[in-house]
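Let's take a walk through this structure together. Have a look at it first, and then we'll go piece by piece.

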Amino acid sequence: MAAEQLLTSTQNPRIKQLVKLRDRSDRDKTGQFIIEGYRELLRAVDSNYPIESLFICPELFLGSNETALIARIKSQGAQIYPCNENVFRKISYRDRPDGLLALAPQKHLSLKDLEKHIKKSKNPFLVVAESIEKPGNLGTILRSSDAVGLDGLIVCDRCTDIFNPNVVRASVGTLFSVPVVESSGKETLEWLKQQGISILAATPSATQEFTQVDMTVPLAIALGTEQIGLSKLWMENADIQVRIPMRGIADSLNVAMAATLLLYEALRQRT
């Protein structure tokens, strides 16, 4: 498929539509989102995530591997749109763009899809993220989840759209390697109980430290909002409650940092 003519106008309809996709309402309306950056796109392609079109600006490339990646994306049927630097900076949401930005369809998984996935696991290991507000935190949780080989992430009662460009960026493309499901808290609780998966909740009021409990069982680590933590629904239904020791004046860690500590302790126990 031949590349189209160089895009030189920020008023081009395709460019205007890409800019609109920064807003959640337009992403929800079109069912599309943007993937920007070499690493993010490489991981999307490695995970066989479909790419509809790719916008490129060779003047902004940071290395020499972009050509091979563009060829892979093109071979899968994506249309390639070369842009001049001014146009690319218009569609980019980064301070230092690297000349690669793609348009992709949103893919939504259900708890039934996740159930099929965890059946392949001898000992399911999940994270439940309830009402996480900041895209950067959700992306970082995804990155840590990928690092420990998590079986899946369930986003409950979402505040942040998982297809927010800053989620994609903060996850460094691990959004495409970790199965992500969006569900309600009530539905997720019922599903976890049906699967025989224990729920671990972190709270400053717990008596046991997180290193003192057994995390080798089928497990879902539940994480709450940045401001108030987990809701009453999750705290009352948790099978295990743990605290992270705090020796200073702060009573809790950033939710993404707390997630990383809990995930790596579970990994330590499981290996």
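Two strands count as a pair here if DSSP finds at least two bridges between them. With that in hand, look at strand β2, residues 53–56: 4 bridges join it to β3, and the two run parallel. One of the spots to check is leucine 54, whose bridge partner in β3 is isoleucine 80. Keep in mind that what you're looking at is a predicted model.

Strands of a sheet pair through backbone hydrogen bonds, and they can do so either parallel or antiparallel. In this sheet the pairing is mixed: 4 strands line up in the order β1-β4-β2-β3, and the sheet is open. Its edges are β1 (32–36) and β3 (79–82), each of which pairs on one side only. On average, neighbouring strands are turned by 20 degrees against each other, ignoring direction. And what lies across the strands? Helix α1, residues 13–20, lies across β1, β2, β3 and β4 (100–105), and runs at about 100 degrees to β2.

Next, the interior. Nonpolar side chains tend to be buried together in soluble globular proteins. The largest nonpolar core here has 54 residues, and the ones touching the most other members are Ile35, Leu41, Leu153, Leu200 and Ile221. Helix α11 (residues 255–270) gives the most to this core, with 7 residues. Apart from it lies another core of 19 residues, including Ile118, Leu126, Leu189 and Trp234.

To finish, pick out leucine 153. Setting aside its neighbours within four places in sequence, leucine 153 is in contact with Val127, Ala129, Leu138, Ile141, Leu142, Val178, Pro179, Val180 and Val181.

Notes
Residues are numbered from 1 along each chain as its sequence is written. This is a predicted model: local features need pLDDT of at least 70, side-chain atom pairs count only at pLDDT 80 or more; totals for chains, interfaces and linings use all residues. Side-chain values use heavy atoms; hydrogens and water are left out. Axes are lines fitted to C-alpha atoms, for helices over the stretch in contact, and angles run from 0 to 180 degrees between N-to-C directions. Contact means heavy atoms within 4.5 Å. A nonpolar core is a set of buried Ala, Val, Leu, Ile, Met, Phe, Trp, Tyr and Cys residues joined through side-chain atoms within 4.5 Å. Buried means under 20% relative accessible area, exposed over 50%, partly exposed in between (1.4 Å probe, protein chains only).
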